Amino acid sequence: MKNTFFLLVTGLLCFFIVSCGPKIQTLVDQGSYDETIRIATKKLVGERSKSPKFVSALETSFNKANAEDLDRARRMEVSSTPDWKRVYSYYRNIKNRAEGVRPLVPLVDKKGHRAKLNCVEVGAQLNKAAGKAAEQMYQEGERVLALGRQGDKAAAREAYESFDGINYY
């Protein structure tokens, strides 16, 4: 009796633990595209016969995430006061996604569906955004440094951080 009860409880616990993981289609529906790409890529790497569920989720998430980031970056570029650091991060995300799925291309599932991953070449835009972001940080550093020269130590520290951040770009 105790063994049966123990096995039943253990079985139910295992079932709940296994079923509590994130469902790939739920992540796509929620708009968690980068998380979906990460999970799908992890599941598909090294698999000979690729699951249609993960291939489809990866294809949808990759294309939607790139389209959203590209749209955000382009809208921010033409705005009256673009934040070039954010523009740079959008283009960097696009490039990192492409590099992450590159080992899987060509991506064909076991039913024969060939995923169409719309890779966008953003090298020129990334370089432009990096230059503009560095220039923007330099101007901010100059502005804050002027306050630092008037005796504001916090502004001087902020200017140093701004100038130091230029090296990232």
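Author: Helices here are DSSP runs of H or I with at least four residues, strands are runs of E with at least two, and both are numbered from the N terminus. The model is predicted, so local features need pLDDT of at least 70 and side-chain atom pairs need 80 or more, while totals for chains, interfaces and linings use all residues. Residues are numbered from 1 along each chain as its sequence is written, and side-chain values use heavy atoms, leaving out hydrogens and water.

Reader: What does the secondary structure of the chain come to?

Author: Seven helices and zero strands. Along the sequence the pattern reads α-α-α-α-α-α-α.

Reader: Why does Ala57 count as buried?

Author: Buried means under 20% relative accessible area (exposed is over 50%, partly exposed lies in between; 1.4 Å probe, protein chains only). Ala57 has 1% relative accessibility, so Ala57 counts as buried. Ala57 is in helix H4.

Reader: Which residues does Ala57 touch?

Author: Contact means heavy atoms within 4.5 Å. Leaving aside residues up to four places away in sequence, Ala57 touches Ile24, Val28 and Thr36. Thr41 lies 16 residues from Ala57 in sequence, with 9.9 Å from C-alpha to C-alpha.

Reader: What makes Val122 buried?

Author: Its relative accessibility is 3%, and therefore Val122 counts as buried. Val122 sits in the loop between H5 and H6. Beyond residues up to four places away, Val122 touches Leu70, Tyr91, Ile94 and Lys95. Tyr91 is 31 residues away from Val122 in sequence and 6.4 Å away in space, C-alpha to C-alpha.

Reader: How many of the residues of the chain count as buried?

Author: 32% of the 169 residues. In H5, the buried residues are Trp84, Val87, Tyr88, Tyr90, Tyr91, Ile94, Arg97, Ala98 and Val101. They pack against helix H3 (33-44), helix H4 (52-77) and H6.

Reader: Why is H5 called roughly antiparallel to H6?

Author: Axes are lines fitted to C-alpha atoms, for helices over the stretch in contact, and angles run from 0 to 180 degrees between N-to-C directions. H5 (residues 84-101) and H6 (residues 123-149) pack at about 150°, with axes 8 Å apart. That makes H5 roughly antiparallel to H6. Over 145 degrees counts as roughly antiparallel, under 35 as roughly parallel, 65 to 115 as roughly perpendicular and the rest as oblique.

Reader: Which residues make the contact of H5 with H6?

Author: From H5, Trp84, Lys85, Val87, Tyr88, Tyr91, Arg92 and Lys95. From H6, Gln125, Leu126, Lys128, Ala129, Ala130, Lys132, Ala133, Gln136 and Met137. By class there are nine nonpolar, two polar and five charged residues. Ala, Val, Leu, Ile, Met, Phe, Trp, Tyr, Cys and Pro count as nonpolar, Asp, Glu, Lys and Arg as charged, and the others, Gly among them, as polar.

Reader: What makes H3 roughly parallel to H5?

Author: The axes of H3 and H5 cross at roughly 15° and come within 11 Å. That angle makes H3 roughly parallel to H5. Asp34, Ile37 and Thr41 of H3 meet Arg97, Gly100 and Val101 of H5. These residues divide into two nonpolar, two polar and two charged.
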